[in-house]
Amino acid sequence: MRQDVCVVVPTIREYDCMRAYFDNARDHGFDLDRLFVLLVTEDFCDVAAMERMLDEEGVDGAVFDGTRREAWFDSRRVPEFSHLIPAASHAQTSFGLLYLWAHPRFERGVFIDDDTRPHDEWDFFGRHMANLDRTGEVESVRSDERWVNVLYQRADEHGLYPRGYPYSAMDETVETGTRELSDVVASQGLWTNVPDLDAVRILADGDLRGQAQTRTAREDFDGDFVADPGQYLTVCSMNLAFEREVIPAFYQLPMDDNEWDVGRFDDIWSGVFLKRAADLLGKEILSGYPLCAHDKAPRPTFDDLANEVPGLELNEHVWEVVDGVGDGADSWRAAAEAMARALATGDFDEWNNGAFLNHCGEYWLDWLDCLDAIEEGEPTVRAVADDD
């Protein structure tokens, strides 16, 4: 079996979570030789311990801290694009996308957060791969607000909305039907235990430790679904598989490391872009199984709130900016460029920190140039921890 899946894990502490995912693969007969595991970390972390973990598990992979990432950009002759990966940010998952793009053997990627664990009842990697190959009928969802709450199946009972769901789209009227899948490009697994909420909603739930008092359980989820074309949904990168082809439209944006202090919307906004591009190209994002357990560590809710506030108003509108562009796009790159230019050239002064959207658009255009340069170039020297 050839190595065709790159697993990207941003981590600074709980990298041992991957042992549970490897055990799950062994228990379900998934061939671990298909995986290359990329741990994206920081210079202050124990890179050697992470490498030992992979060696002990017998799984191929590499660890990239900040110094190694810089060396990788140099080796690919693209040092001018190293700014695309923000410092000390979850959005460093974008480095995993570049690494995947640079190695054509990887047909698919998987994002896993280090505070999660797989549910035993699913073959975690196998289910994601099957989802990406899936055809046939599935439940479809839409609302009168053009946003789908990925927790809609039990929303009448728990009342939860996920992180990134616009406040203006709440109290929506939900309709369900069926759709025929034709080309699934992303498989979003959802989560039990600590729900993925923003700080405002966590505070409203009465929790000061960043977790939420209301928890989700296995019975809160009832199968897979898609959001109808023209509808948007939150995409969380803690449990996500995707096809290589989406990478131009899936940049995680320069979060946290910017003059506006906007953070925590990397996977949310990239999910909006991914959904718009998928709709333009007649593709689907499948959400539901496999579930993972989200064991988010306690932390001050007000710290998360401080990180989220600079982008809260923008989050209400960013989907509107890209919703009207890209008609006629015939590729992921064309769809991505249309959205990036809309952000880069738009006038967003009426919104708090609106210039950050211009900043994102400019970086996204650089992202597309970087992908082109990587595709055309070859590494000049063996990069630290590279597998070339």
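D323 is buried, with a relative accessible area of 17%, where buried denotes a relative accessible area under 20%, exposed one over 50%, and partly exposed anything in between, with a 1.4 Å probe and protein chains only. The model is a predicted one, in which local features need pLDDT of at least 70 and side-chain atom pairs count only at pLDDT 80 or more, while totals for chains, interfaces and linings use all residues. Residues are numbered from 1 along each chain as its sequence is written, and side-chain values use heavy atoms, with hydrogens and water left out. D323 belongs to helix α9 (residues 301-323), helices being DSSP runs of H or I with at least four residues and strands runs of E with at least two, numbered from the N terminus. When its neighbours within four places in sequence are left aside, D323 is in contact with R146, Y232 and R276, contact meaning heavy atoms within 4.5 Å.

The axes of α8 and α10 come within 9 Å and cross at roughly 130°, the axes being lines fitted to C-alpha atoms, for helices over the stretch in contact, and the angles running from 0 to 180 degrees between N-to-C directions. The two helices α8 and α10 are therefore oblique to each other, given that angles under 35 degrees count as roughly parallel, over 145 as roughly antiparallel, 65 to 115 as roughly perpendicular and the rest as oblique.

On the α10 side they are R333, A336, E337, M339, A340, R341, L343, A344 and T345, which meet L357, N358, G361, E362, W364, L365, L368, D369 and D372 of α11.

Helix α11 is also among the elements against which the buried residues of α3 pack, the others being β2 (35-40), α2 (47-57), β3 (61-64) and α4 (93-102). In helix α3 (residues 66-75) these buried residues are G66, R68, R69, W72, F73 and S75. At the start of α3, a side-chain oxygen of D65 reaches to within 3.3 Å of the backbone nitrogen of T67, and α3 is followed by R77, whose phi is positive, near 60°.

Seven of the ten residues of helix α5 are buried, so α5 is largely enclosed by the rest of the structure; the buried residues are F124, F125, G126, H128, M129, N131 and L132. H128, which has its place in α5 (residues 124-133), counts as buried at 0% relative accessibility. Not counting residues up to four places away in sequence, H128 touches S187, Q188, G189, N239, L240, A241 and P290. The side chains of H128 and S187 are joined by a polar contact of 2.7 Å, that is, a pair of N or O atoms within 3.5 Å of which, within protein, one must be able to donate a hydrogen and the other to accept it, with residues adjacent in sequence counting only if both atoms are side-chain atoms. P290, for its part, lies in strand β13 (residues 284-294), and the peptide bond from Y289 to P290 is cis, with omega near 5°.

Positive phi values also occur in loops. D171, in the loop between α6 (155-158) and β8 (174-181), has a positive phi of about 60° although it is not a glycine, and D171 is exposed, with a relative accessible area of 70%. D256, in the loop between β12 (239-243) and α8, is likewise a residue other than glycine with a positive phi, near 70°, and D256 is partly exposed, with a relative accessible area of 28%.
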